Amino acid sequence: MFELKQKQEVLHSLLSLHGVAQHFGVTDAMIKIRASWLRDMGVPVGWQIQGTRAWLFLPEDLELLRPEPRGRTKKEISAP
């Protein structure tokens, strides 16, 4: 069993869906879609709080939730 201090440390380290989105500079929806996709693929990432739309993540989940790099920029495409 966790001791009280360990439980408090874990609770204080949790990140909200919005917090993760801000960390990466993307929308909440983008993180929610990625988290749902990972869960569907069998990757245990975060928790969706039952009966709500809220998600919570551990700091260890950040690397899994990192958005994929986008394709080439318009500038790269138009360069000769």
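Reply: Start at Q48, which stands opposite W55 of β3. Strands here are DSSP runs of E with at least two residues, helices are runs of H or I with at least four, and both are numbered from the N terminus. The model is predicted, so local features need pLDDT of at least 70 and side-chain atom pairs count only at pLDDT 80 or more, while totals for chains, interfaces and linings use all residues. Residues are numbered from 1 along each chain as its sequence is written, and side-chain values use heavy atoms, with hydrogens and water left out.

β2 and β3 (residues 55–57) are joined by two bridges in the antiparallel sense; strands pair if DSSP finds at least two bridges between them. The open sheet has three strands, ordered β1-β3-β2, with antiparallel pairing. Its edges are β1 (15–16) and β2 (47–48), each pairing on one side only.

Helix α3 lies across β2 and β3, at about 75° to β3. Axes are lines fitted to C-alpha atoms, for helices over the stretch in contact, and angles run from 0 to 180 degrees between N-to-C directions.

α3 also packs against α2. Two packed helices are described by the angle between their axes and the distance between the axes. For α2 and α3 these are about 110° and 8 Å. The two helices are therefore roughly perpendicular, a label for angles of 65 to 115 degrees. On the α2 side the contact uses L17, H18, V20, A21 and F24, and on the α3 side D28, I31 and K32; contact means heavy atoms within 4.5 Å. Five of these residues are nonpolar, one is polar and two are charged. Nonpolar covers Ala, Val, Leu, Ile, Met, Phe, Trp, Tyr, Cys and Pro; charged covers Asp, Glu, Lys and Arg; the others, Gly among them, are polar.

V20 sits in α2, residues 17–24. V20 counts as buried because its relative accessibility is 0%, buried being under 20% relative accessible area with a 1.4 Å probe and protein chains only. Setting aside residues up to four places away in sequence, V20 touches L15, I31, F57, L62 and L65. The C-alpha atoms of V20 and K32 are 9.8 Å apart, with the two residues twelve apart along the chain.

R34 belongs to α3, residues 28–40. Beyond its neighbours within four places in sequence, R34 is in contact with L64, L65, R66 and E68. The R34 side chain reaches the backbone oxygen of R66 at 3.2 Å.

Key
Buried means under 20% relative accessible area, exposed over 50%, partly exposed in between (1.4 Å probe, protein chains only). A polar contact is a pair of N or O atoms within 3.5 Å; within protein, one must be able to donate a hydrogen and the other to accept it, and residues adjacent in sequence count only if both atoms are side-chain atoms. Angles under 35 degrees count as roughly parallel, over 145 as roughly antiparallel, 65 to 115 as roughly perpendicular and the rest as oblique.
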